[in-house]
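Have a go at each task before reading its solution.

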Amino acid sequence: MLQSPFILLHASNWVDNNIAHLIQNVTSVMQIADIMRQQRVILEEMYANIRAATTSMEQMRVLYGALKTTKAKSVFFRILHEIQPHYISKDIIMLA
């Protein structure tokens, strides 16, 4: 599925602007990391670093550190919307 540059940038900015909230609240980090690894958005080494983290907060920090590109952050946003949609406001969902 192709996404416009506007949607990719908006999703990426949303992730950047909400990272503190995400670190505090996202509990399904490994589920997100599994999908991102499967889609080859994150590599095995980064996946191993996420698994090695002892808390979901630490895992989320490591995962966020791996999201270097707008596309990677957009993929994270889409997966988060699918797994835990309550973290994303309804006005943003219209863009996803």
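**Exercises on helix H6**

In this predicted model, Arg78 and Glu82 sit 4 residues apart in helix H6, so about one helical turn separates them.

**Exercise 1.** Work out how the side chains of Arg78 and Glu82 meet, and how accessible each residue is.

*Solution.* Start with the general idea: side chains of opposite charge can pair when their charged atoms come close. Next, check the distance: from N to O, Arg78 and Glu82 are 3.3 Å apart, and they form a salt bridge, as the cut-off is 4 Å. Finally, look at accessibility: Arg78 is partly exposed at 25%, while Glu82 is exposed at 53%.

**Exercise 2.** Find the residue with which Lys73 forms a salt bridge, and say which helices the pair links.

*Solution.* The residue is Asp16, with the closest N and O atoms 2.7 Å apart. Lys73 belongs to helix H6 and Asp16 to helix H1, so this pair links distant parts of the chain, 57 residues apart. Lys73 is buried, at 11% relative accessible area, whereas Asp16 is partly exposed, at 28%.

**Exercise 3.** Classify the ring pair formed by Trp14 and Phe77.

*Solution.* First, the ring centres are 5.4 Å apart, and the limit for a pair is 6.5 Å. Then take the planes: they meet at 75°, so the pair is edge-to-face. Now place the residues: Trp14 is in helix H1 and Phe77 in helix H6, so the pair ties together parts 63 residues apart in sequence. Both are buried: Trp14 has a relative accessibility of 10% and Phe77 one of 4%.

How values were computed. Residues are numbered from 1 along each chain as its sequence is written. This is a predicted model: local features need pLDDT of at least 70, side-chain atom pairs count only at pLDDT 80 or more; totals for chains, interfaces and linings use all residues. Side-chain values use heavy atoms; hydrogens and water are left out. Rings of Phe, Tyr and Trp (its six-membered ring) pair if their centres lie within 6.5 Å; planes under 30 degrees apart count as stacked, over 60 as edge-to-face and the rest as tilted. Helices (H or I, at least four residues) and strands (E, at least two) are DSSP runs, numbered from the N terminus. Buried means under 20% relative accessible area, exposed over 50%, partly exposed in between (1.4 Å probe, protein chains only).
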